[in-house]
Amino acid sequence: MYWYKTTKWTGFAMLCCIILCGTACKPDIKETGAALKYFDIKGYFSADIAHLNHLKIQVLKTVSHNGTTESKTVKIDNWGQEFNLFIDADINKPAWQKSYTVITDDSLLFYKAIDPELKMREMIIKRDNKQKVKWILIFNRTKNILYTTTEKLSYYPDSLYLIEKDQHVRLMGNNHYRIEGVIKH
């Protein structure tokens, strides 16, 4: 710790630390009270998670990896973890305020990424005439020098969720994953 007291850069280093720590902890838009530009997917799934946790219902879950399939009826203890990929599709981040084109009509919301580097590529939300969500469809894509991953996420409230994932990893080949959950009432 002696170097800390004797360095002539101590004041400058401390100031840099304070600035970096202060800017690294920016709250989400929702926490600041600002209006959300896009559909609140994170808030929607948070409410659905609370609802499903309260019901304590069972799910017929089918998991498939490269054609090998297993099905079993299970009780989901952590719906937040189960819906994590859906929640991660949240596009209401300050840096993305102009990153998606939006097409709407009475019953459909359609978001499409402008920047080809964004993971969430497209989101389609179908609502009834009372604006209640009927289904959500999300397309994600991640590409770098090591792998390419595409995901198709489908959600039908109180009924079904489906996660389909194709992954190509250099030197290791292709993988196809499919998780289907049929919500039993």
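This is a short walk through one predicted protein model, from its overall make-up to a few single residues.

Okay, so, the overall picture. What we have is a predicted model, please keep that in mind. The protein chain has 6 helices and 9 strands. Of its 185 residues, 30% are buried. And if you take the contacts with a separation of 6 or more, 39% of those are between residues 24 or more positions apart.

How many aromatic pairs does the structure hold? There are 14 aromatic pairs. Let me pick out two. Tyr 38 and Tyr 100 pair edge-to-face, with 5.7 Å centre to centre and 80 degrees between the planes. Look at where they come from: Tyr 38 sits in the loop between helix H3 and helix H4, while Tyr 100 is in strand E3, so to speak a link between distant parts of the chain, 62 residues apart. Tyr 38 and Tyr 100 are both buried.

The other pair is Tyr 44 with Tyr 155. Why do we call that one edge-to-face? Because the planes are at 75 degrees, and anything over 60 falls in that class. The ring centres of Tyr 44 and Tyr 155 are 6.5 Å apart. Tyr 44 belongs to helix H4 and Tyr 155 to strand E7, so this pair ties together parts 111 residues apart in sequence. Again, Tyr 44 and Tyr 155 are both buried. They also belong to a cluster linked by ring pairs, and its other members are Phe 39, Phe 45, Trp 79, Phe 83, Phe 86 and Tyr 161.

Which elements each supply at least two residues of the lining? Helix H5, helix H6 and strand E8 do.

Next, a couple of strand residues. Asn 175 is in strand E9, residues 173-183. Its side chain makes a polar contact of 3.0 Å with the side chain of Asn 66. Beyond its neighbours within four places in sequence, Asn 175 is also in contact with His 65, Lys 165, Asp 166 and Gln 167.

Then there's Ile 124, over in strand E5, residues 120-127. Buried or exposed? Ile 124 counts as buried, because its relative accessibility is 17% and the cut-off is under 20%. Setting aside neighbours within four places, Ile 124 is in contact with Leu 108, Leu 109, Phe 110, Trp 135, Ile 136 and Leu 137. Its C-alpha is 8.9 Å from that of Lys 112, 12 residues away along the chain.

Asp 158 has a positive phi of about 60 degrees, and it's not a glycine. You'll find Asp 158 in the loop between E7 and E8. With a relative accessible area of 29%, Asp 158 is partly exposed. Leu 171 isn't a glycine either, and its phi is positive too, at about 70 degrees. That residue lies in the loop between E8 and E9. As for accessibility, Leu 171 comes out at 92%, so we call it exposed.

That's my tour, thanks.

Note on methods. Residues numbered from 1 in each chain as written. Heavy atoms only, no water. Phe/Tyr/Trp six-rings, centres within 6.5 Å; stacked < 30°, edge-to-face > 60°. Helix = DSSP H or I, 4+ residues; strand = E, 2+ residues; numbered from the N terminus. Buried < 20%, exposed > 50% of the residue type's maximum accessible area, 1.4 Å probe, protein only. Polar contact = N/O pair within 3.5 Å; in protein donor to acceptor, adjacent residues only side chain to side chain. Contact = heavy atoms within 4.5 Å.
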